[in-house]
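Here are my notes for when you open the model. I have grouped them by region, with the cut-offs given along the way.

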Amino acid sequence: MAEGSSSKSYLDLHNKKWELWEEIMSKPWKKVSSKKDITVEELSGYEHPFYRSVGIVNIPLQAIMNGYGKPEYRLKWDVNLELFKIVEVLPSKDEIIYTKSKAVLGGVVSPRDFVQFRSVKQKENLWKTYSTSVEHKDVPPISAAVRGFDFLSGIEARSIIDEKTGKADKTELIVVLSVDIKGWFISSIKKQAISTTAFDLFNNFRSAFEKGVITA
């Protein structure tokens with residue numbers, strides 16, 4: 001399903017998906033698993049289920065904005081991603097992006113690619129961004145990947161200020177995924193693939209920061 005092909009329809013999409021983002025983030029989520037200090041949660045009741053990884057990281061907000069928001073940084077740490085590029089910057093400053101993933105679960109799930117509308121909001125110590133699938137003439141489907149569908153995915157990061165020192169070296173980080181990877185997979189395989197990716201998007205980024213791959 002194509003969403004957005006003109007300035008007005010992109011604006012409608014922008015508003016519609018931000019409203020949905022605020023809605024899902026205000027709801028109670030069910031815990032699926034916990035690894036290290038990262039909790040993976042699920043939210044059902046929508047066209048596609050949502051999964052998110054939640055935790056507090058010893059990483060300043062600016063580093064998270066760089067690492068998740070900029071293609072040149074994202075490709076340095078996201079081991080599941082093969083390609084990430086900005087296709088078009090819209091007048092609203094929203095973007096059309098293209099991503100192509102590597103095979104996951106030991107090759108059980110072959111490479112997927114996505115064409116997405118991406119929007120970003122920042123206010124004081126809070127940064128959030130979402131993406132959702134659209135179609136674009138410059139990125140038609142390719143034979144090397146299965147075109148997936150991103151219902152609504154994104155990041156919400158809130159800087160935590162130490163009351164004693166006044167420093168903001170920690171961030172509450174939430175990574176949200178709601179995608180259809182397509183293909184003939186039983187639901188448990190799809191759930192495992194998506195929840196694993198949500199965990200990896202959190203844990204791999206933190207590891208890269210600790211190794212100095214990503215900086216503020």
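1. Buried means under 20% relative accessible area, exposed over 50%, and partly exposed in between, with a 1.4 Å probe and protein chains only. By that scale Thr171 is buried, at a relative accessible area of 0%. This is a predicted model, where local features need pLDDT of at least 70, side-chain atom pairs count only at pLDDT 80 or more, and totals for chains, interfaces and linings use all residues. Residues are numbered from 1 along each chain as its sequence is written, and side-chain values use heavy atoms, with hydrogens and water left out.

2. Staying with Thr171, you will find this residue in strand S11. Helices (H or I, at least four residues) and strands (E, at least two) are DSSP runs, numbered from the N terminus. The Thr171 side chain reaches the backbone oxygen of Ile59 at 2.6 Å. That is a polar contact: a pair of N or O atoms within 3.5 Å, where within protein one must be able to donate a hydrogen and the other to accept it, and residues adjacent in sequence count only if both atoms are side-chain atoms. Not counting residues up to four places away in sequence, Thr171 touches residues including Gly55, Ile64 and Ser159; contact here means heavy atoms within 4.5 Å.

3. Next, strand S3 (residues 50-57): seven of its eight residues are buried, so the strand is largely enclosed by the rest of the structure. Two strands pair if DSSP finds at least two bridges between them. S3 pairs with strand S2 (residues 38-43) in the antiparallel sense over five bridges, and Glu41 has Arg52 in S3 as its bridge partner. The S2 and S3 hairpin has six residues between the strands, and in it Gly45 takes a positive phi near 100°. S3 also runs antiparallel to strand S11 (residues 170-177), joined by seven bridges, with Ser53 opposite Val175.

4. What does the largest nonpolar core hold? It has 31 residues, and among those touching the most other members are Ile64, Trp77, Val175 and Phe205. A nonpolar core is a set of buried Ala, Val, Leu, Ile, Met, Phe, Trp, Tyr and Cys residues joined through side-chain atoms within 4.5 Å. Helix H4 (187-210) is one of the elements giving two or more residues to this core, and H4 gives the most, with eight. Helix H2 (residues 61-69) is mostly covered, with eight of its nine residues buried.

5. A second, separate core of 24 residues includes Leu13, Trp18, Trp21 and Val139. Ring pairs link Tyr10, Trp18, Phe117 and Tyr130 into a cluster. Rings of Phe, Tyr and Trp (its six-membered ring) pair if their centres lie within 6.5 Å; planes under 30 degrees apart count as stacked, over 60 as edge-to-face and the rest as tilted. The charged end of Lys121 sits over the ring of Trp18, 4.7 Å from its centre, the criterion being NZ of Lys or CZ of Arg within 6 Å of the ring centre and within 35 degrees of the ring normal.

6. Finally, two backbone angles to look at. Lys93 has a positive phi of about 80° although it is not a glycine, and Lys93 counts as exposed at 69% relative accessibility. Glu124, also not a glycine, has a positive phi of about 50° and is exposed, with a relative accessible area of 72%.
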